[in-house]
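I opened my notebook to record what I looked up in this structure, one topic at a time.

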Amino acid sequence: MSTAASLANTTTFSSSLSRRQQAPASISTFNVFNSTAQRSFKPLISQSIVVPNPTVSRHASIVAQATFDSSPSGSATSFHGACYVVRDNIDTDQIIPAEYLTLVPSKPDEYKKLGSYALIGLPESYETRFVEPGEYQSKYSIIIAGDNFGCGSSREHAPVALGAAGVAAVVAESYARIFFRNSVATGEIYPLESEVRVCDECKTGDVVTIELEKSLLINHTTGKEYTLKPIGDAGPVIEAGGIFAYARKSGMIAALAT
Amino acid sequence: MAISSMAASSAISSSSSPFVTQKDAGVSPLFAHPSNSIKISQKKVSTKIVSVMTPQQSERKPSTTGSVKTGMTMTEKIFSRASEKSRLSPGENVWVNVDVLMTHDVCGPGSIGIFKKEFGNDAKVWDREKVVIIPDHYIFTTDERANRNVDIIREFSHEQGIKYFYDIKDLSNFKANPDFKGVCHVALAQEGHCRPGEVLLGTDSHTCTAGAFGQFATGIGNTDAGFVLGTGKALLKVPPTLRFVLDGEMPDYLLAKDLILQIIGEISVSGATYKAMEFVGSTIESLTMEERMTLCNMVVEAGGKNGIVPADATTFKYLENKTSVPYEPVYSDDQARFLAEYRIDVSKLEPLVAKPHSPDNRALARECKYVKIDRVYIGSCTGGKTEDFLAAAKVLLASGEKVKVPTFLVPATQKVWMDIYTLPVPGSGGKTCSQIFEAAGCDTPTSPSCGACLGGPKDTYARINEPQVCVSTTNRNFPGRMGHKDGQIYLASPYTAAASALTGFVTDPRDFLR
């Protein structure tokens, strides 16, 4: 077992790496700048990964190469369940109030407890509670939100609490950056983006399906369908279970010693 | 990159704001060079206009300008150096070398858990002198888990030989802990960990505070931090930069908190999402380091990735005797491209508040004078530094009266606490802040920590546990932020907070300062 944390040895790495390069997510950053809404700069962390550059240092080029390797087969392709609808600017204090941050997400029993407090910070105007008192999971597996979901703190407890509560995906109009990044890094939830204000057309309790590969949200209760922005390169990272799992799967860092 | 003009107009017309278009001001549209625009916009500005926003810049293709190379912003230059790439542009994902990683008692245990799980129980951090561990959030509490979390970071620090671990063991007397500092972002600055040109990451959203030193500083989550602990690297996307040019003499009733509330109110809580916010101009140059820290502290409240102020003589003076690590400042090129440029004439601004429940819910303090309040809170990385307390003391001194509501004082660090008890307040005949606070009937300054800024465990000092109205020098006022879900928080500068304490209503500090 290695006692020094280090990235994988280059020689073994490059020979096992698949050079299959997935086309970058449909939105290039220049398109994003052209969008009419000033706020809709929506990069995905693994989007438009730099092409390996021979002058770049060894560690950097290892990682850059690895991110081209994606595995579309056997992936979670759809989610189905009741949705819970929230408005704009749902900040991290509403998702998981600060008093619960003494719970450490990497401890399994405390991870579970975080789930029971997911969205407990929402004001009383939200009549339906997200997680019933005494429960650890929500009966709503999909959250539908407006703009700037997850704004506020960098606390990773926020996407973790949602994931622990059983949320599979959030469909929001836009995300705050640290929350988005944490969702992908932990692999806890899919942070999907809608193209219209889906939160205005769905109600808590509506039964919905998300077809991930088709980037589609179907509301069975209203009969309406909505196109989502493709999750792009962030998808395989979340599917693998977060950046570390993904990095291992793609050979970027050494497998855990058993 | 081409910017849609629709975006520019929607930004301008979104609120009844003092920002006006170039057309309204009767000046011609501007292009890529900020230096030209300074001269143009100073002409023909009516007294009503407090600030002018340039239309968003369109990219001039190299073939039209005759120049092949364009310059980089200071944020881009920092990324360039940290990723060892000679050139890069916004939108690129690059692996950067991290100069300093900070964590605290709330996110430290989780980050450590991930580090050990992923790199092995015996793994060592990439550089034990580049990790700074600062207990500051839930310290003075009987909450067992909170206390356990400080134990966890202590154990890790000892095991790893972490050079900078600002420990606290004796909770009943913070002064009995020689290593204890207090609020992480203020401690980082005071201990010389913030240096121009570097990359500082922290497991806290207000890590952006350090951008005041001309470095790239931003908040990350536990998983990213775990990765950095093991490798010393982070995968980051280069942000485009919004430039804020602040000119004009700072009125003596305004503080940096008013400036940033003005900006957040203008661009909204998502106006700077994924972007760098660069602050330049004569006003910025006149600000002290602590004021620059206040400014950069709240860029995250606009969604900003980082805030940044060019390093200058003020910066270098502050850093003297604080750090022996060599540093090299960077500056935006004249040819650098900015996503947008905002110009503000500071002399026209007035004291502000952010009303419940959003940091962008901007209002003039004087227009809220009928709002009755229940308490005032002066503290946090945003408004609990030495100069913040000096400012509050100045208002109380000018009044000579007692506060009408409970006024809680939470110094950010040990050093701030010391300053409150030792520094003479100008114009007071040698009195210290503490004496002025006592004479005015404020609560005794408490042990340094993040305190009730984010509520915290139920026994946290000054936590809002009932539906009360509070004027606070902190950074967020979303529902439940300081405790009770129905608490109403008005974010304000220390001047405004002190003035409000004196009247029991939201109050413009000019009522006492003029």
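I began with a term: a residue is called buried if its relative accessible area is under 20%, exposed if it is over 50%, and partly exposed in between, with a 1.4 Å probe and protein chains only. I noted that this is a predicted model, in which local features need pLDDT of at least 70 and side-chain atom pairs count only at pLDDT 80 or more, while totals for chains, interfaces and linings use all residues. I also noted that residues are numbered from 1 along each chain as its sequence is written, that chains are lettered from A and ligands numbered from 1 in the order in which they are written, and that side-chain values use heavy atoms, with hydrogens and water left out.

**Chain B as a whole.** I looked up how much of chain B is covered, and found that 67% of its 514 residues count as buried. Its secondary structure comes to 18 helices and 19 strands, where helices (H or I, at least four residues) and strands (E, at least two) are DSSP runs numbered from the N terminus.

**Strand 4 of chain B.** Is this strand buried or exposed? I found that five of the five residues of strand 4 (residues 100-104) are buried, so the strand is largely enclosed by the rest of the structure. In a regular strand the side chains alternate between the two faces of the sheet. Here V100(B), M102(B) and H104(B) lie on one side, L101(B) and T103(B) on the other, and all are buried.

I then looked for its partners, remembering that two strands pair if DSSP finds at least two bridges between them. Strand 4 of chain B runs parallel to strand 7 (residues 199-202) of chain B, joined by three bridges, and L101(B) stands opposite L201(B) there. Strand 4 of chain B also runs parallel to strand 5 (residues 131-134) of chain B, with four bridges, and H104(B) faces I134(B) in that pairing.

**The barrel in chain A.** I found seven strands of chain A that close into a barrel in the order 1-2-3-4-7-6-5, with mixed pairing. Within chain A, strand 6 (residues 216-219) and strand 7 (residues 224-229) pair in the antiparallel sense over four bridges, and L216(A) stands opposite T227(A).

**Cysteines.** How many disulfides are there over all chains? My search of the whole structure found zero, a disulfide being a pair of cysteine sulfur atoms within 2.5 Å. The sulfur of C199(A) is 8.4 Å from the closest cysteine sulfur, in C202(A), which is too far for a bond.
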